[in-house]
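Hello,

The structure is below for you to open alongside its sequence. My notes follow it.

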Amino acid sequence: MSEVGRQQLDIAKQHAATVTAALNAINAYAEWAPLLDLAKYGIIHGCGFLLSSPDFRLHACEFFKLVCPRKRPTDASASEFDSVMSNIFQILMNVSREFLCKSESNVDGIDENEFEFSEYICESMVSLGSSNLQCISSDMNVLALYLQQMLGFFKHFKLALHYQSLLFWVVLMRDLLSKPKVTVHAYGEGSGSKQIDNDKAKILSLVNDDTCSAILDISFHRLLKKERIFPGMPLAMGSLELWSDDFEGKGDFSQYRSKLSELIKFVASFKPLMAGAKVSERIIQNLLISPTPIQGLAVMESMQVALENVASAIFDGSNEYAGDNSEIHHAVCGIFGGLLQQLLSLKWTEPALVEVLAHYLDALGLFLKYSTPDAVGSVINKLFELLTSLPYAVKDPSTSGARYARLHICTSFIRIAKAADKSILPHMKGIADTMAYMQREGCLLRSEHNLLGEAFLVMASAAGVQQQQEVLAWLLEPLCKQWAELEWQSNYLSKPLGLVELISNTTFMWSIFHIVTFFEKALKRSGMKKGSLNVQDSSTASTSLHPMASHLSWMLPPLLKLLRAIHSLWSPPVCEILPREVKAAMTMSDVERHSLLGEGNPKLSKGGLTFADGSQIEMSKEGNVETNESDIRNWLKGIRDSGYNVLGLSATIVDPFFKCLNVHTVVEALMENIQSMEFRHIRQLVHSIVIHLVKSCPSEMWEVWLEKPLSPLFLHVQQALSFSWSSLLTEGKAKVPDVKHILVGSALKVEVMEEKLLRDLTREICSLLSTIASPLLNTGLPSLEQSGHVSRMDTSSLKDLDAFASKSMVGYILKHQTLALPILHICLQAFTWTDGEAVTKVSSFCATVVLLSISTNNPELRQFVSKDLFSAVIRGLALESNAVISADLVALCREIFVYLCDRDPAPRQVLLSLPCITPQDLAAFEEALTKTSSPKEQKQHMKSLLVLATGNQLRALAAQKSVNIITNVTTRPRSSVGAPETRIDEGDTIGLAAIM
């Protein structure tokens, strides 16, 4: 600065370059150099001083950003560490205090550079408080000032500053409100836990009512998104910079809102009375009394999220106030009871407002669990009142908003049934009577009936199996009459173009759609709740207790015929004669293509209702006369999705599926046209049906149920994957059938989609093989290490492969050549495909094959493992993509050699065929193996030999060496600060890197 004052600009630039270079050097070591040394040599003080310099402050911020998250040591230096960190707190707090004061007094005087600087300071403050708040917890004044400043950032109108502070408050409140684990120390039971509780209590005492009130106020306002605000609408905190799609680098709005929601829940759990009062007051005063509520729709929608978060935090059962007789509990219930009465009194008729009102009511679902029976009944009556107030006719386009709102009202029944639990049981008969009346009057559409039926199943699950069975019988009986009727099956499912005729009958087409989707919901909502059964007893219990067991005999046969007809559409003889719109509907949708390309999904029309679990309900099609390409595509996808899930879920019920269904009918429906299937459909078939079938099939039924469906599947998949991977690795194009008729704008996009489809199917098939090799399906296999060193193993004790076929699914498969050949080909080829995730999954199957080859006297299996599999695994280690699974692959190599080298010459021959090995190297390796029985040490010997024998060409092993290596550090100029060129002839390395 003095040189600038003397107009010596060149000298000043040299000084500036020196300071910048020094800061870059400091930052290179800031992440790992001892913190105490950084303080001892004045580096922390120097960087703190440079925070006041506009030219160097961003580089100095980088230093603090790296230093702040350093972990506190557990040795004697902890107190010195605390002292240094406390000093860093003071440095950053002094800077942030100046900025926050200036923001309050003269915000117009702050330019974008200063806002950018403050964001870096805030980021460091967040990191510091999230990692090392204990360093200042003993000084209540400093701690209080720090929390006050972090609240200031949270309240700041700049979204970037608020966002950084939000991350701190979420971490802080989560930590303060979590229950500590009680640990036992030598000096007394739970002493450390008590100290933690004391520290948390001190910090919580500073998170007072004013702080919590401010957090809730800001959070409620920031649940709004800028693009959703009605033009010209006044906001209570109009100066706030709300979230916008233009806000980059912070994820999407749903992620941000989930963080806000989490914070709201923490504060509501800590201050339930305040949170309940605030959310209720804001809803009643600012929204419900609005003269033009439609203009405040965005605010109402955001406050529904706030209400749901507050209510769930208070009444979800984890809060100490919920469910007891404390004064706070009664007061909170009084607040929510008053809000409920206000909501029930509303007479909104606009579809968008009716939809919001229904969501407000279901947001109070957990409160209803603790409320009076009259309150629950009033909510149910109100929902039916809202439902009947909206038109149900679908031919008029103007009613589409009403249809959409009606479906949302029906989903509110499901949410309330889940949340209110047993408190809704007394009202089941009234709901059933109302549903029956609306059906008789013709004012309840099939999709709406399905949702209300699903809500009924949720209610029944709280009442027990007997109640579930009665409800299912009541709901399924009318469906059975239509579904099991032979006439429609004969007309539409028994001839090549029968499905085309079905699609042309729009009303019947959507009726079938809703029947199949309800079957899926009934299976998902019925039966035992997760965790209520032991794994060992699952098959027996599911058979005897599952309420759907008696319905599968009439549900599944027509469904199999329907799926067979859908699959046949892709077979060349049928596909050639299909109408144009049906052919077009068989291609991928825009949503699927965008998903494959990793792009954001296009905006969906209100033609479908999507739920949190990803399921959809088509809502605008019932009653339509014409069927277009989009309708046909949605219908085909919906039947396939739900139909596959119905079959997969039915397989888990075991006896009614495996003992009552004809396996030939199942194979015919699923595998008859497997060669015409697209990759995405095969992947879905495997994921939704085949894996469930494999996991659930009783061992005594393997002979009937495994070979017939799995043989055609694996035979086709092996050939298809082999062709596509060969094409991808040699030509750069996977050539999958899914994208033949798709025009997406560029060849590159097609290649990306093809590769994604290929990898997805590959991983799913390998996941199926991993399932087949799971311990529960291979209970009869011995442990390798139980046998000791194999050179001493008595080969006379080896068993025939048949001995394992009844207790090991892998053993069963290896016994059947039609299954074993394509599966073993997939195993060998998978090691050469550049997909580490697939290799990770298939390696467990290969490990079981190796174990069987060691434990049996089957010469063909031993030869395959000793030669083919051993070579393939070594080839797999040559691919860097397999680095993540390299340890397991080396373990496989060790097992093959150690356990089979004395029984077969192939393992030695394979190793000697490697380019850089000599017989002496192999002899030394074998001698090293004889000196240790430790599998870990033997693996290390095997790894060293493989590296030596291949001339260090195994990239999967070499990739590991690149981890945790300190490389040369170069200057890292910040984009916001002009970093002049200071490079000299020796290069741009600095510090230790320059002298090594």
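Is Lys735 buried, partly exposed or exposed? Lys735 is partly exposed, with a relative accessible area of 37%; buried means under 20% relative accessible area, exposed over 50% and partly exposed in between, with a 1.4 Å probe and protein chains only.

Before the rest, two notes on the source. This is a predicted model, in which local features need pLDDT of at least 70, side-chain atom pairs count only at pLDDT 80 or more, and totals for chains, interfaces and linings use all residues. Residues are numbered from 1 along each chain as its sequence is written, and side-chain values use heavy atoms, with hydrogens and water left out.

Lys735 lies in the loop between α36 (707-731) and α37 (747-772); helices are DSSP runs (H or I, at least four residues), numbered from the N terminus. Phi of Lys735 is near 55°, a positive value in a residue other than glycine. Val654 also has a positive phi, near 70°, and sits in the loop between α31 (629-651) and α32 (655-658). Val654 is buried, at a relative accessible area of 5%.

Turning to rings, Lys271 lies over the face of Phe270, 4.9 Å from the ring centre. The charged end of Arg640 sits over the ring of Trp570, at 5.0 Å from its centre. The rule for both is NZ of Lys or CZ of Arg within 6 Å of the ring centre and within 35 degrees of the ring normal.

Regards

Notes:
Helices (H or I, at least four residues) and strands (E, at least two) are DSSP runs, numbered from the N terminus.
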